[in-house]
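These are my notebook entries on a structure I had not looked at before. I wrote them down in the order in which I looked things up.

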Amino acid sequence: MAVEVESSPRTHWWNDERIRAILVQVLVVGLFAGFIWFIVDNTAINMEKRGLKAGFGFMDDIAGFQPTSPGFNITNFDVNISTHSEVFFLGLVNTLMIAAVGIVLATIVGFVFGVMRLSDNILIKFVAAVYVEGTRNIPLLLQILAWYLGVILAVFPAVRKSWDWGEVIFFNNRYIAFPSPIPQSGFWIFMASVAIAIVAVVFLRRWAHQRQDATGQQFPVFWASVAILIGLPTVVWFITGQPLAWDVPELKGFNYRGGGQLPASFLGMLFALTFYTGAFIAENVRAGIQSVSHGQTEAAYAVGLRPGTTTRLIIIPQALRVIVPPVTSQYLNLTKNSSLAIAIGYPDLVNIFTGISLNQTGNAVEIILMTMLVYLTISLLISAYMNWYNKRVALVER
Amino acid sequence: MKYLKHLTAAAAVALLSTAAGAATLDDVKSKGVLDCGVTTGLAGFAAPDDSGKWQGFDVDFCRAVSAAVFGNPDKVKYTPTTGKTRFTALQSGEVDLLARNTTWTFSRDVDLGFEFVGVNYYDGQGFMVRKDLGVKSATELDGATVCIQTGTTTELNLADYFRANNMSFSPVVIETNAEARANYEKGACDVYTTDRSGLAATRVVLPDPGAHVVLPEIISKEPLGPLVRHGDNQWGDIARWTLNALVTAEELGVTQANVDSMKSSKNPEVRRLLGSEGSLGEMLGLSKDWGYHVIKSVGNYSEIYERHIGANTPLGLARGVNALWTSGGILYSPPFR
């Protein structure tokens, strides 16, 4: 049944399908390269014509502006000496922070509401449906403004009338001021005890698993782990004489000084991103759970598993196969959407580097290019991690 | 094939935008409209009125240039730009002229590739605070939270001023004036800082203007003026001498009302300004009576000033240093000859 694909001597080489395919590809790649060259060349010519100089020398110039408040300055930006590359770094860290916290919270919110939508209780189902449909269908920028202007600025009090929580944490419409820890001597012993507790829990789990495989006896791993994680560090904490002092914020002049601050713009962004993305994730979770056939549950009950165990060991692992790929896109969306932070003044990469640095230096092409590369890199990294995770939870066919 | 079509289209677009760099006057004439970059809305300087028509001190400069080129002040297309987008808009040729209370600085003039055609408002950066804070001077602002509009010289001045006085501050960096105002109004910042003209314009639109006070310190020199792209000297000259014509007209007493009769004035400089004699218009590549059209359409500098930002407007800005050099200010135009 072998089919002869060799061209007959009468056919010309340009009629050979394989050669044609290669030719077309070469042509397309050539055109694309030419297009890229044209854009780069056109940009260079026009920049030269307008007297604009290209290059990254500006990154070493002193920025001369203050991109963030002293209480929220993770990279220790110093207005007296810091350069534009430090502005870039500060913006990058702030972007990563809002993205990381947002992803964690959005995942939790998404799972909770996704499961709620499948509840048998009509009220719970209705609440989840209203949340998901309402949030998903309103533009994110409006939600950011609503959270910031409508909730944080409107509900929280002015700085002099801050709500306090035990006189150590203060809430107002500018920030949450909280005490920051100052490690004393002997603090490393405490940290070591925490590490030991974590390692111990890992070994305990492994041991319990092996014992169950061998003997069928179960061990209360969860409660034992909690006891170790809390117990050991607590004992060490008191033995070493509480090796941690706190820098408690205090109202001095216009603002609270000391401790750390979470700016209102961070909270506004966080709420908006969490609930917006959470609604999409909730739908993914719902779809994933619904994709697992009900027969699986019945089979699990038939062999005597309890409902909680059934969900954890039977339903979720199978649902994850459907949930993970679309949730990856949501994580990417959340990260990229964090660039809307400029609307409420959160000092993320786009706000301070692509915004202020660009304006003060005028190096638009270089700065926009760098910013695009940053988002591309972050997105590809998240994507790579989620693909790895997806491989792990994917159906293993034997 | 579809792919190729897209390529050609993209190439054509790119080529067109390349061509836009050449002689701006010819481009403007062939478009039949002047693309003018203004603010996104700053009361008195540039803001749409109730009927959606742009009005203001900077807007009238756009209208004056339009009158000089077309003999008609209404052939202007206004492009609202933020502090951040304004320079890119001008560099890329999206606007032909930027009249957007922009400070003339060395790096903008030299490094960004622009040409400032003069100063239409001498300003300085100031601070506005709520009266009930009891602050009397900017030197008491240590530790304050400050609202700033992004993409402006104010960011740098502010950092410089606080550094020089060994004080610290927390910035709230906002994109537009309106959003910065909302933050200030709600108490998210203690201080609002921008040019003092901008503070006056912002103060009048606050719910209770009397509850806010502009501090006496002026921490910077902010010569605000219109600008064009570097490298087209003819277009730069047109903008520069339109501005000078407004100032000279005030100096010579030529107003919107008397410009027709002034055309037959005996004063040779008035005659040259209005095109009754000499050929200054032709030298610019414009019509002979371009100056007449400018004054006829928008009036002289003083009339524009009093109409939009002067003592009898809500902004109530006194002329101060923006008065003519003959009456104690620093406004001075080179002679028309």
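This is a predicted model: local features need pLDDT of at least 70, side-chain atom pairs count only at pLDDT 80 or more; totals for chains, interfaces and linings use all residues.

Entry on N76(A). I placed N76(A) in the loop between helix 1 (17-49) and helix 2 (84-116) of chain A, and I wrote down a positive phi of about 55 degrees, although N76(A) is not a glycine.

Entry on N166(B). In chain B I turned to N166(B), which is not a glycine either and has a positive phi near 55 degrees. I found N166(B) in the loop between helix 6 and strand 10 of chain B, and I noted N166(B) as exposed, with 7 other C-beta atoms within 10 Å.

Entry on the contact between the chains. I then looked up how chain A and chain B touch, and I noted 38 residues from chain B and 38 residues from chain A in the contact. On the side of chain B, helix 1 (2-19), helix 4 (86-91), helix 6 (153-164) and strand 10 (170-174) each supply at least two residues, and the largest share, five residues, comes from strand 10 of chain B. By class, I recorded 15 nonpolar, 14 polar and nine charged residues on this side of chain B.

Entry on strand 3 of chain A. Which strands pair with strand 3 of chain A? I found that strand 2 (residues 169-171) runs antiparallel to strand 3 and is joined to it by two bridges, with F170(A) and A177(A) as bridge partners, and that a hairpin of three residues links strand 2 to strand 3. I also found four bridges from strand 3 to strand 8 (residues 260-263), again in an antiparallel arrangement, where the bridge partner of A177(A) is Q261(A). Both faces of strand 3 (residues 175-178) are covered, with Y175(A) and A177(A) buried on one side and I176(A) and F178(A) buried on the other.

Entry on two helices of chain A. I looked up helix 9 (residues 307-337) and helix 11 (residues 364-393) of chain A, which pack at an angle of about 175 degrees with their axes 10 Å apart; helix 9 and helix 11 are therefore roughly antiparallel to each other. Their contact has 12 nonpolar, five polar and two charged residues. The residues that meet include L320(A), V324(A) and Y331(A) in helix 9 and I378(A), I382(A) and M386(A) in helix 11.

Technical notes. Residues are numbered from 1 along each chain as its sequence is written. Chains are lettered from A and ligands numbered from 1 in the order in which they are written. A residue is buried if 20 or more other C-beta atoms lie within 10 Å of its own, exposed if 12 or fewer, and partly exposed in between; C-beta atoms are placed from the backbone. Two strands pair if DSSP finds at least two bridges between them. Axes are lines fitted to C-alpha atoms, for helices over the stretch in contact, and angles run from 0 to 180 degrees between N-to-C directions. Angles under 35 degrees count as roughly parallel, over 145 as roughly antiparallel, 65 to 115 as roughly perpendicular and the rest as oblique. Two residues are in contact if their C-beta atoms, placed from the backbone, lie within 7 Å. Ala, Val, Leu, Ile, Met, Phe, Trp, Tyr, Cys and Pro count as nonpolar, Asp, Glu, Lys and Arg as charged, and the others, Gly among them, as polar.
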